[in-house]
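These are my notes from going through the structure. I looked up a few residues and a sheet, and wrote down what came back.

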Amino acid sequence: MCFYLFMILAVVGPARAANQWNYETVRNSGKFCPERDSCNFGRSSRGSLELDWKQRNCFCDQECSTYGDCCIDAKAFNADEQKENFNKFSCSELRQYGAVYMRTECLESWSLPNIRRACEDSTQNSDPVGSMPVTNKATGITYKNYYCAVCNHASSDVQFWKPRLECPTLQGYNSRFNNLTKSFLMDNLKFDKGQWGVEFDTIGVPVFHACYFDPFLPDVLEPKIRKCNSYSKTSSCPESYTENDTSELCESYTGLVFSDDQVFRNTHCAICNNV
């Protein structure tokens, strides 16, 4: 059972110093759900070890320090790390795998503009391999493409995801005529006006069928990728908010709070946004 006291008190009890925060800090807010946002609920079960956003509102593993999604009572919780790392990753939606944490930007200090553009440009790349995600085998961090790994100084030990060709409009054609082969597609595949595709004649008129290279995750990398929650989250207090302790807490841990169509990073973000 989750406990939510929706009557917001005008004064939330004074927060402890960051190194003294624990789950009581959340409990004292009046909005808490220990089976989803604590690492110490039901210690006889393995519930707190779940890495599934359908079951949890924050995580308790060691990697939560890297991704900025630690519960406030996680062993790996460090307020400064959580504040810094929460926005380091994008939550990228992949058709085959759902939402996955990725680095999609270069370090601020990166000075080569051509590599930065290749990393951060959202348009489709003419290079199917170069546009595939890569995962660093040592850290487990996934990057949007190889160039993003380069400009984050993490390209020395990466494995590429595999490009898988998808041509949606050809599926119906092939189910009807059953005369398309892999060799035909590869021989006739071309990049034209920013789009991969295959052009062939069906009734005397050439038709261009758009194709896409979807990322395919190698089996060896599956344990390394980390799923994320793709909801847009409010993770800071309004500039006009004057309660510094609550503002600091809002930016320093994860424990998602849902209210109607809004999602807040944690209960203190909800409080300072009048929810």
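I count a residue as buried when its relative accessible area is under 20%. The model is predicted, and I read the entries below with that in mind.

Entry on T135. I located T135 in strand β5, residues 134-136. For its side chain I found a polar contact with the side chain of W161, at 2.9 Å. I then listed what T135 touches, leaving out residues up to four places away in sequence; among them are G140, I141, T142, D157, V158 and Q159. W161 is on that list too, as are L221, K224 and I225.

Entry on P168. I found P168 in helix α7, which covers residues 168-177. P168 has 41% relative accessibility and counts as partly exposed. With residues up to four places away in sequence not counted, P168 touches A210 and Y212. I also noted C211, which is 43 residues from P168 in sequence, with 7.0 Å between their C-alpha atoms.

Entry on the sheet. I looked up an open sheet of 3 strands and read its order as β9-β10-β11, with antiparallel pairing. Which strands stand at the edges? They are β9 (189-192) and β11 (206-210); each has a single partner strand, so one side of each has no neighbour in the sheet. Neighbouring strands here are turned by 45 degrees against each other on average, direction ignored. Between β10 (residues 195-201) and β11 I noted 5 bridges in the antiparallel sense. E199 has F208 in β11 as its bridge partner.

Notes
Residues are numbered from 1 along each chain as its sequence is written. This is a predicted model: local features need pLDDT of at least 70, side-chain atom pairs count only at pLDDT 80 or more; totals for chains, interfaces and linings use all residues. Side-chain values use heavy atoms; hydrogens and water are left out. Two strands pair if DSSP finds at least two bridges between them. Helices (H or I, at least four residues) and strands (E, at least two) are DSSP runs, numbered from the N terminus. Axes are lines fitted to C-alpha atoms, for helices over the stretch in contact, and angles run from 0 to 180 degrees between N-to-C directions. A polar contact is a pair of N or O atoms within 3.5 Å; within protein, one must be able to donate a hydrogen and the other to accept it, and residues adjacent in sequence count only if both atoms are side-chain atoms. Contact means heavy atoms within 4.5 Å. Buried means under 20% relative accessible area, exposed over 50%, partly exposed in between (1.4 Å probe, protein chains only).
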